[in-house]
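Hi everyone, thanks for coming along.

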Amino acid sequence: MELGSVSAAHGSVESGIMAGVGKCILVTGPPGVGKTTLIMRICENLKLSNPNIKLQGFYSQEIRQGGERVGFEVVTLDGRRARLASSTISSPESRQWPAVGKYKVDIASFESLVLPELKIREDTGLFIVDEVGKMELFSSYFFPAILNILQSNIPLLATVPIPKFGKDIPAVVRLKNHPGATIFTLDKSNRDAMKDRIYPQLAGMLLKP
C-alpha cells in the first residue's frame, strides 16, 4: 500500500508478516526533504519507549567545509564515523575509487564501519539503514547484507532515493518489491506528520522479548 504516499508491495503487510517474510519499512523522497531527520526522530522515540531495545545500523550525513559540501560520511547509532565519499581527497588509491558526480566513493572505509553493523545478532531488535543508495551499493557486500536481514525476523527501517530521471536503482526496486515492504514517500507537506504514521507501525513490528 502507498501511504500518502505509503505502499506495501505484493499485498498487505499483514500477509507478508504471517508468511514469515522480513518486515521492512522504506522511506523515500527527494534529497534534502528530511529522510535522515525523520529516521533519527523515530529512533529517539523508540529508545524512549523501549530503553532495552538493541538498534543497529547507520545514517549518512554531509561533510561540510566553509559552508560547502565536500563529501559524505556514515555514522553508527553509537556515534562512530567513517568516510563514505569525498570531493577533495586526492591520493593514488582514490583515483581508482568509483565516482558519483564529483564525489569519489571510499568503499573500504564504508565497509569497515557499516558491514559489522549489519551483522545479525541474537539481541538485535531493529536495523536502521540510511541509505540504500548508489554510493553505498558500490560495495559488493552491502546489498547481500541487507537481503540477509530481510531473511531474518528482525525489522528493517531504511531510506531509499527517489528514481532519477524516472529510472530506479535495481537494488532499490528489489527492496520496494519485497513482500514485507511498506513504502512511505516523504515530501515537504507531510514530513512533520509522517513520524506519527510510521512509528506505530514500526513499534508493532518489533520483536517482543
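**Charges, cores and a strand pair**

Let's begin with K54, which is partly exposed, with a relative accessible area of 29%. For that scale, buried means under 20% relative accessible area, exposed means over 50%, and partly exposed is in between, using a 1.4 Å probe and protein chains only.

A word on where this comes from. This is a predicted model, in which local features need pLDDT of at least 70 and side-chain atom pairs count only at pLDDT 80 or more, while totals for chains, interfaces and linings use all residues. Residues are numbered from 1 along each chain as its sequence is written, and side-chain values use heavy atoms, with hydrogens and water left out.

Back to K54. Its side chain meets that of D123 in a salt bridge, at 3.7 Å from N to O. By salt bridge I mean a side-chain nitrogen of Lys or Arg within 4 Å of a carboxyl oxygen of Asp or Glu. This pair links distant parts of the chain, 69 residues apart: D123 is in the loop between α3 and β9, and K54 is in the loop between α2 (35-49) and β4. Those labels are DSSP runs numbered from the N terminus, with helices being H or I of at least four residues and strands being E of at least two.

How many salt bridges does the structure hold? There are nine. One joins R81 to E73, with the closest N and O atoms 2.6 Å apart, and E73 is buried at 14% relative accessible area. Another joins D168 to K176 at 2.8 Å, N to O; here K176 is buried, at 17%. E62, R64 and R69 are linked in a network of salt bridges.

Now for a charged residue without such a partner. E131 sits in the loop between β9 (126-129) and α4 (142-150). E131 is buried yet has no salt bridge, and the nearest side chain of opposite charge, K35, is 4.9 Å away. For charge, Lys and Arg count as positive and Asp and Glu as negative, with His and the chain ends not counted. Leaving aside neighbours within four places in sequence, the contacts of E131 include K35, F58, F142 and P161. Contact means heavy atoms within 4.5 Å.

On to the inside. The largest nonpolar core has 34 residues, and L118, V129, F142 and L156 have the most contacts inside it. Its largest share, seven residues, comes from α4. Apart from it lies another core of 21 residues, among them V27, L157, F184 and M205. A nonpolar core is a set of buried Ala, Val, Leu, Ile, Met, Phe, Trp, Tyr and Cys residues joined through side-chain atoms within 4.5 Å.

Helix α3 (residues 107-117) has buried residues including F110, L113 and E117. Their cover includes β4 (55-65), β5 (68-76), β6 (81-86), β9 and α4.

Next, a strand pair. Strand β3 (residues 24-29) pairs with β11 in the parallel sense over five bridges; two strands pair if DSSP finds at least two bridges between them. L26 stands opposite I183 in β11. Strand β11 (residues 181-185) is mostly covered, with four of its five residues buried.

Last, the cysteines. C24 is buried, at 0% relative accessible area, and C43 is buried at 1%. With a disulfide taken as a pair of cysteine sulfur atoms within 2.5 Å, the count comes to zero.
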